[in-house]
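Subject: Structure handover

Hello,

Here is the structure you asked about. Please open it alongside this note; my findings follow below.

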Amino acid sequence: MNTTAPLPPFLATQKLTKQFDDAKAVDEVSLSIQRGEIFALLGSSGCGKSTLLRMLAGFESPTSGRIILDGQDVSGRPPYERPVNMMFQSYALFPHLNVWDNVAFGLRREGLAKSDIQARVSEMLQLVQLHDFAKRKPHQLSGGQQQRVALARSLAKRPQLLLLDEPLGALDKKLREQTQFELVNIIESVGVTCVMVTHDQEEAMSMADRIAVMSKGQVLQVGTPQEIYEFPNCRFVADFIGNVNLFEGVLCEDEVDHCAIDSPLGRLEVGHGVTGTLNMPVALAVRPEKMRVSKVRPDVSHNLMQGVVQEIAYLGAHNNYIIKAANGQLVKAMQANTSRHNDTPITWDDEVYFWWYDDAGVVLRS
Amino acid sequence: MPGRRFVISLPYLWLTLFFALPFLILFYISFVDIGEDLAPFKPLWDAQGVLHLKYENYWSIFKSPGGGVLFDTLYVEAYGRSIAYAFVTAFLCLLIGYPFAYFLARSPERYRPALLLLVMLPFWTSFLLRIYAWKGLLSDFGIINQTMMALGLIDEPIYMLYTDISMLVGMTYVYLPFMVLPLYANLVKLDVRLLEAAYDLGASPLRAFWLVTVPLSRRGIAAGCVLVFVPAVGEFVIPSLLGGPENIMIGRVVWDEMFSSNNWPRATALAVIMIAVIVLPLALFSKLAPSTQDSVRP
């Protein structure tokens, strides 16, 4: 039991809502974000994450609800009066100014002394390693360089809150992986609290300390990447993040430390208890990497099934199998290639056993 | 490809026939002598094939023959006045046209076609009729004076017609669409996210306008100013109908020389100088203007 009071959140939204005509883009979202953390809003397009971000920035005014930043209510303030800076998806660099002037733009609005501005811009450009490009105009830079200018510009004013709108969206895959770590390193070295919006779960999982999964204007689950992945709280979250197998059934046994589900594929044993009523419809979520596959019958007593291999994808680092179970359900399984030699190769139309251990699955009630 | 050559040559042919050739004819006439009897000018070569170039046609524009100070002729005065008025017209068009174009560019898309139509609607009516309409508005017994007297705001009519003011009003009115349309074309391409970025970095809407919108609309401003300034210099009808006798502009002077004095050589010389005065700075201007990209696509 935690006896110390939790720290008040650095950034909090209180039942934040945005209504457009007949649709609620953001529906009573209440979030608590800690100082210095990187927080991701994850969801597919139309879920309201961008609208929420724009409300934090001040470009949209909330229909109802409040935004509290470091104890101050900033809900009604225009963007130029908030200690918040945003890095736009399209970078929005001023095409008529060079790199130096772009980064200095915000500082000049503050009325700092010339020498201070000089020092700060220099510091920012060193941070993103673009000092040699200071005199160039945006159209003379590559996409990755433009992004770094946008980042330097958004950090120049030492904002209390940094907002990132799909930060890696415009980059190609190779550059994306590299930039992910660079970005996090820079943000953490500066120590600024950061809220990012993305539809790419990999981006969210690798960059964020905590993630909020959103759909239709509402937040479905908030947690660390591991919590979201291993302990999803509903079918949508389980299915949205990574791949998952969902076995539908009814709860037939429920104890403190274990339970069981009656499903078309037989009785499924689960290694954790569920607070629910018997015979309620539930689904068991099992991630493909926890699904074991073998042509040889394993020595397990339950959660063991047989099926026919429908599809195989050899992806170098691992194999993806799609197995047709007895009731026709397609089950996904993933095995890492830990050895360079494949002793019992599995191929199409093979009859295989697939199973998982008790603690590998999560019961979902919604 | 022969077909391609043919198609490309058509505009060149057009320009040659209707632009280069007339100009060359003008140029030719500006070097000859006044003709005898009814002929407007003498040929450049006489019966023996000797060339007679009359440079005095040009020289007399800048210096009165038989003494006088250089550049102190009514011609130079008329040039100066025309350029000054054209300049002021361009400035007034910019002052009125910029907010107009800005409002147009930022209005909801469904209203824009109708609003653009309103801008271009005056072109559907006769140019001359519109100028006469201004006479009707501005004259001593015109609508403005009558309304103000009826309301008791003034006792005697304000003398507005045939002055600098009435001429500038007419010029600005007529040339306004030429400023609005290029400005609109430029402003409508402005990326709103750039303004959002400016707000985000602490610029108030006014500052963002001055620091982002205006610099990025430089090209539109230049295009609009050129489209207003160049024809305004040679404007003939509006000064004649709305301007006073002291506002003689170069267009009127050329007309007088051509048709009243029947002095084609001097008239063409005046025209050639006018073209040089306008075209040369423009050519330099376009060479010097730096090229920037209006937006950056990541």
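**What I found**

Five bridges join strand 3 of chain A to strand 8 (residues 193–198) of chain A, and the two run parallel. This is a predicted model, in which local features need pLDDT of at least 70 and side-chain atom pairs count only at pLDDT 80 or more, while totals for chains, interfaces and linings use all residues. Residues are numbered from 1 along each chain as its sequence is written, and chains are lettered from A and ligands numbered from 1 in the order in which they are written.

Some terms. Helices (H or I, at least four residues) and strands (E, at least two) are DSSP runs, numbered from the N terminus. Two strands pair if DSSP finds at least two bridges between them.

**Strand 3 of chain A**

Within the pairing to strand 8 of chain A, Ala40(A) has Met196(A) as its bridge partner. Strand 3 of chain A also pairs with strand 9 (residues 210–215) of chain A, parallel again, over four bridges. There, Phe39(A) stands opposite Arg210(A).

Is strand 3 of chain A enclosed or open? Five of its five residues (38–42) are buried, so strand 3 of chain A is largely enclosed by the rest of the structure. Buried means 20 or more other C-beta atoms within 10 Å of the residue's own; exposed means 12 or fewer; partly exposed is in between; C-beta atoms are placed from the backbone. Both faces are covered. Ile38(A), Ala40(A) and Leu42(A) are buried on one side, Phe39(A) and Leu41(A) on the other.

**Chain A overall**

Chain A has eight helices and 20 strands. Its C-alpha trace spans about 75 × 50 × 45 Å along the principal axes. Of its 366 residues, 37% count as buried. Among contacts with a separation of 6 or more, 63% come from residues 24 or more positions apart. A contact means that two C-beta atoms, placed from the backbone, lie within 7 Å.

The chain is divided into domain 1 (11–235) and domain 2 (243–364). Those bounds come from an automatic or database domain assignment. The domain centres, taken over C-alpha atoms, are 39 Å apart. Four residues of domain 1 of chain A and five residues of domain 2 of chain A make the contact.

**An open sheet and its helix**

Four strands of chain A form an open sheet in the order 2-1-4-5, with antiparallel pairing. Strand 2 (23–33) and strand 5 (72–73) of chain A are the edges, each pairing on one side only. Strand 1 (residues 11–20) and strand 2 of chain A share seven bridges, in the antiparallel sense. Leu16(A) has Val29(A) as its bridge partner in strand 2 of chain A.

Helix 1 (residues 49–57) of chain A lies across strand 1, strand 2 and strand 4 (64–69) of chain A. Helix 1 of chain A runs at about 65 degrees to strand 2 of chain A. Axes are lines fitted to C-alpha atoms, for helices over the stretch in contact, and angles run from 0 to 180 degrees between N-to-C directions.

Helix 2 (residues 99–110) of chain A has several buried residues, including Trp100(A), Phe105(A) and Leu107(A). Helix 3 (114–127) and helix 4 (143–155) of chain A are among what covers them. Just after helix 2 of chain A, Gly111(A) takes a positive phi of about 75 degrees.

Most residues other than glycine have a negative phi. Gln129(A) has a positive phi of about 60 degrees and is not a glycine. Gln129(A) sits in the loop between helix 3 and helix 4 of chain A. It is partly exposed, with 13 other C-beta atoms within 10 Å. Asn303(A) also has a positive phi, near 60 degrees. Its loop joins strand 15 (292–294) and strand 16 (304–314) of chain A. Asn303(A) counts as buried, with 24 C-beta neighbours inside 10 Å.

**Chain B**

Chain B puts 19 residues in contact with 24 residues of chain A. Helix 8 (192–200) and helix 9 (205–216) of chain B each give two or more residues to that side. Helix 8 of chain B gives the most, with six residues.

Within chain B, the axes of helix 3 (residues 74–106) and helix 10 (residues 218–233) come within 8 Å and cross at roughly 145 degrees.

Best wishes
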